[in-house]
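Open the model in your viewer and colour the chain by segment. The stops below say what to select and what is there.

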Amino acid sequence: MTIRAYLTGGLRRNGHGLLYVAPTVLLLVLLLYGPAVSGFYQSLFRLGGAEAGAFVGLDVYRTVMTEPGFGQVVTSTALFVLGSVICTVALGFAIALYINGLDEVSARILQIWVIIPWAISSVVGALLFRWFYMSDLGLFREMLRWIGLPAADPMSSGTGAMIALILSAVWKKLGFAVILLLSGLKAIPQDYYEAARIDGAGALQRFREITVPLLMGPLLISSVVLGIADLNTVELPLIVTGGGPLDSTTTVALSIYQKAFSQYDLQRAITLAIITFIVNIILVTLYVRSVRGQHQ
């Protein structure tokens, strides 16, 4: 067989393969990007009132981003996402390091306990935290009483409610960070540590010069994935805090839900959804680049 015939046959086989997967790819594109394109198109027109159907362009985007409450929503979202990601990754890193030093049986048992919150439904986890912080019958109130502290309701202040919301997200997603980082630790060759010990490097120096640099990929990937998940979560702020007090824990995702299903303001809900979609595209781009960097 000549090289030309081989290449021609390969192209023909690849062409047939593309025909087989084309319907699935087309369906995925329609389901994933069709609603986004349709939503952006609808956001350019007036959806209700006497001027329904009138072209307004980007006026709604300017109106939404200049509203008095928009800055508060963005700030609350940033605090929630950053606080949750930093705490989850840091705590997950510490737990992964601890599990990595255990024997096989103890490590498996601890991994199961860590994964359980991640495996249960997000709504169930949010309800557990809602009941935990109940002002009258919550376990948090009883724990304060047991240690001799006065009763306190963290949901009564913006700072307390945000901390409670972040803790609920950390508890729910900690298992993902632990498993991903533990896999990264297992992939580091032990020869590196042995060579460092022979050269006289201490435990802290080995951690700083070997563990952290070789684990930067999993750390970045887990941070981006958790950031995307926290940015788009609705059930946690909706159930745990309800967005209060005084909208101090109202995230962008919760604001979209409230405008669409409580206030029936589809125009602003679609506009906020498109803005969130653009932010998600940026985060997904960072994720893809970090994954590619891991395999280079």
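Predicted model: local features only at pLDDT ≥ 70, side-chain atom pairs only at ≥ 80, totals over all residues.

Now look at where they touch: 11 residues from domain 1 and seven residues from domain 2 make the contact.

**Stop two: the annotated stretch**

Next, select residues 74-287. UniProt, in an unreviewed entry, lists this range as "domain: ABC transmembrane type-1". Show it as a cartoon: over residues 74-287 the chain is 79% helix and 0% strand. Then pick the C-alpha atoms at the ends of this stretch, which are 22 Å apart.

**Stop three: a helix pair**

Select helix H3, residues 70-100, and helix H10, residues 216-232. How do they pack? The angle is about 140°, and the axes are 9 Å apart. The crossing of H3 past H10 is right-handed.

Show the side chains of the contact.

- From H3, select Thr77, Phe80, Val81, Ser84, Val85, Thr88, Val89 and Phe93.
- From H10, select Leu219, Ser222, Ser223, Leu226, Gly227, Asp230 and Leu231.

Colour them by type. In this contact of H3 with H10, eight residues are nonpolar, six are polar and one is charged.

Methods. Residues numbered from 1 in each chain as written. Heavy atoms only, no water. UniProt positions renumbered as here; feature names shortened; annotations may be inferred. Helix = DSSP H or I, 4+ residues; strand = E, 2+ residues; numbered from the N terminus. Axes fitted to C-alpha atoms, helices over the stretch in contact; angles between N-to-C directions. Left-handed = near helix turned anticlockwise from the far one by under 90°. Contact = heavy atoms within 4.5 Å. Nonpolar A, V, L, I, M, F, W, Y, C, P; charged D, E, K, R; others polar.
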